[in-house]
Amino acid sequence: MTENILEVRNLVKDYGDFSLKQLCFDVPRGSIVGLIGENGAGKSTTINCILNEVQKNSGKILLFGKDYLQNEVENKNKIGVVFDENHFPDIFTPFEIASYMSGIYMNWNTGVYREYLKKFDLPENKAIKGFSKGMKVKLAFAVALSHKAELLILDEATSGLDPVIRDDILDILLDFVQDENHAVLVSSHIISDLEKIADYITFIHNGKLVFSYPKDDLIDNYGIVSCGAVVFDSLDKTDLIAYRKEDYQYKVLVKNRKKAERNYPKAIVEPATIEEIMLFHVKGELQ
């Protein structure tokens, strides 16, 4: 069995005014990979390429150890997908969707599906057009989790959910990867959710990969140095990733927090959150 459930190598998708540029990252089995970046960074384009909803220009995508176009029907039986918008006919009820999905997925399990409907408090016989956005997202999760998928791909899927249901979904995702055979690729603007559950963070900015690192490495090693102009001018610029000038001080993102604490004792050095790391790359002055 391959160690990575998904591998993306040198992925290029060119729209003319925007392109993915040689994107590379992995999704190992037993892991949750968070895909982050600002609006328009290329997250949805990346996911659509993986799902073959749009055709890539070049590069390689491997699913379950094989080219993603090889055994495409079989692959899609092993992938559960949740988007931030409803992709089911509005006139259908959840009960009718079960019949529809049983004809699509070879391993569809109506019993499991009905358990999720009950867990998410979704009525079986109410037309989807009467559902709120959050209810539609929960319905998509119920479908994605009811056909023995090995890989879940979520594109801003939790954005319409209240904090309580979001927390329930996060617990479900953690349970999903416990057997070390499943994996999750989740794109989200709710960075705090990814800090709770992700094993790896893949950061895209303007179609380019900034980094793809274990989350714990980011949290354990990155830091923010707060200092005045004198200390800032004395900083070894090779230690800096990006900085932001504020009213009376500089905020500096560094990759090695402990080194910064040793080298700059007159500065305040604090851990950096994943959201702060992203904002420094997007809004800060890069070295």
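1. Ring pairs join Phe203, Phe211, Tyr213 and Tyr222 into a cluster. Here, rings of Phe, Tyr and Trp (its six-membered ring) pair if their centres lie within 6.5 Å; planes under 30 degrees apart count as stacked, over 60 as edge-to-face and the rest as tilted.

2. A word on the basis: this is a predicted model, where local features need pLDDT of at least 70, side-chain atom pairs count only at pLDDT 80 or more, and totals for chains, interfaces and linings use all residues. Residues are numbered from 1 along each chain as its sequence is written, and side-chain values use heavy atoms, leaving out hydrogens and water.

3. The structure holds nine aromatic pairs. One of them, between phenylalanine 211 and tyrosine 222, is tilted, at 6.3 Å centre to centre with 50° between the planes. Phenylalanine 211 lies in strand 10 (residues 208-214) and tyrosine 222 in the loop between helix 8 (215-221) and strand 11 (223-227), so the pair ties together parts eleven residues apart in sequence. Helices (H or I, at least four residues) and strands (E, at least two) are DSSP runs, numbered from the N terminus.

4. Are these two partners buried or exposed? Phenylalanine 211 is buried, at 5% relative accessible area, and tyrosine 222 is buried too, at 4%. Buried means under 20%, exposed over 50% and partly exposed in between (1.4 Å probe, protein chains only).

5. The charged end of lysine 21 sits over the ring of phenylalanine 18, 5.9 Å from its centre. For lysine 245 over tyrosine 250, the distance is 5.4 Å. The criterion is NZ of Lys or CZ of Arg within 6 Å of the ring centre and within 35 degrees of the ring normal.
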